[in-house]
Amino acid sequence: MYTHVTIIGAGLGGLTLARVLHVHGIPATVYEAEPAPTARAQGGMLDIHEDNGQPALDAAGLTEEFRGLVLEGREATRVLAPDGTVLFDDDSTRGRPEVLRGELRLILLDSLPADTVRWGHKVTGVRALGKSRHEVTFADGTTVTTNLLVGADGAWSRVRPLLSAATPEYTGTSYVETYLYDADTRHPATAKAVGGGSLFALAPGKGIQAHRENGGTLHTYVALSRPRDWFADIDFTDSTTAAKRIAEEFDGWAPELTALITDSDTPLVLRTLNALPIEHRWDRVPGITLLGDAAHLSAPNGEGANLAMYDGAELGKALAAHPDDPEAALAVYEEPLFARSAAAAADGAELNEVLFGDNTPGSLLDMFAGGEQPH
């Protein structure tokens, strides 16, 4: 029987793994660089999918708690032309209920024994010791040695190099993140444009994507297909100037749309989009594996958090099913992981072309007409 599982990273995937292990009586410790669970905002809305995110939460025994987080009506979707003309408007539900990432993370944290997550443990190095053992070194100089190490530490994983030489590469598109608060009162035209759920306003190489969160909070990702150097020339520490420069790329667009950039209530944040190779995989290395973005970082397509949770649940179940043979458990987990990761990464690359390619927004409208849904 496993004596302990060491997990690096307290994102949704790592916490789901810890919770599923706890359900099966397997102890785990999660090491997280952030000093506390409230150290930073955890991102916006997540649509939790029937084929991966929801089964993962069921394996964690948290379906009822998850249902209590669902924000009704947020599955609504609309597409606007740059001049504000409504091209598509659908308020139907599609079996992918929307929740706030931070609230979902909180129910996972609350479901674990109090000492499971060790905050303020930034990993500075990981090395193999042989015989399935690995040593993890933290920024404060302390170390931990483990017979079963799981890298759930995201895009720039410190664990990944022990399994793979692959590193994320820039996709050619970046997001600029903004927020409008109390928009129904303070920005009624913009709130009306966004509607009750998500908004896509697209043109080749760029787009404004917004989502209504709690109440009148509008969370926006402004997409621009530009080289890294283009963004490097913008001083994002000066939000007024940065907003003006980003808004210039949308000159002539409806003011209710550009207000999502120029009237942001928070400093603009640049989010470069990076991805691992679509077919990323590694040879079995005793005593170590990856999940989530550490394993399969890809262009955004709504699958990232869902896959991370599913990875965590599947790994937890595999370890519980093979209590005396961790290598068998890791092999059972990894082969399906590679297949589903490659499929999701290919879908992400294709969706990026649908959203920002030469045929947008027509390509997106065609997707809707065919019954498909971007996330």
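This note walks through a few local features of the structure, point by point.

1. A word on the model first. The structure is predicted, with local features needing pLDDT of at least 70, side-chain atom pairs counting only at pLDDT 80 or more, and totals for chains, interfaces and linings using all residues. Residues are numbered from 1 along each chain as its sequence is written, and side-chain values use heavy atoms, with hydrogens and water left out.

2. Let us begin with strand β15. Helices (H or I, at least four residues) and strands (E, at least two) are DSSP runs, numbered from the N terminus. Strand β15 covers residues 218-224, and six of its seven residues are buried, so the rest of the structure largely encloses it. Buried means under 20% relative accessible area, exposed over 50%, and partly exposed in between (1.4 Å probe, protein chains only).

3. Now the partners of β15. Two strands pair if DSSP finds at least two bridges between them. Strand β12 (residues 169-180) pairs with β15 in the antiparallel sense over seven bridges, and Ser 174 has Leu 224 of β15 as its bridge partner. Five residues separate β14 and β15, which form a hairpin, and Gly 215 in the turn has a positive phi of about 55 degrees.

4. Next, a three-stranded sheet. This open sheet has the order β8-β9-β10, with antiparallel pairing. Its edge strands, β8 (123-130) and β10 (143-146), each pair on one side only. Neighbouring strands of the sheet are turned by 20 degrees against each other on average, direction ignored. Strand β9 (residues 133-138) pairs with β10 over four bridges in the antiparallel sense, and Thr 137 stands opposite Thr 143 in β10.

5. On to two helices. The axes of α1 (residues 12-23) and α4 (residues 101-110) come within 9 Å and cross at roughly 25 degrees. Axes are lines fitted to C-alpha atoms, for helices over the stretch in contact, and angles run from 0 to 180 degrees between N-to-C directions. The two helices, α1 and α4, are therefore roughly parallel to each other (angles under 35 degrees count as roughly parallel). At this contact, Leu 12, Leu 15, Thr 16 and Arg 19 in α1 meet Arg 101, Leu 104, Arg 105, Leu 108 and Leu 109 in α4, where contact means heavy atoms within 4.5 Å.

6. Met 309 is found in helix α11 (residues 304-321) and counts as buried, at 0% relative accessibility. Leaving aside neighbours within four places in sequence, Met 309 is in contact with Leu 12, Gly 13, Thr 16, Ile 48, Gly 53, Ala 56, Leu 57 and Leu 104.

7. Finally, some backbone spots to check. Most residues other than glycine have a negative phi, and most peptide bonds are trans. Lys 131, in the loop between β8 and β9, has a positive phi near 55 degrees; Lys 131 counts as exposed, at 81% relative accessibility. Asp 182, in the loop between β12 and α5 (183-186), has a positive phi near 50 degrees and counts as partly exposed, at 39% relative accessibility. A cis peptide bond joins Thr 360 and Pro 361, with omega about 5 degrees, and Pro 361 lies in the loop between α12 (326-356) and α13 (362-369).

Key. Angles under 35 degrees count as roughly parallel, over 145 as roughly antiparallel, 65 to 115 as roughly perpendicular and the rest as oblique.
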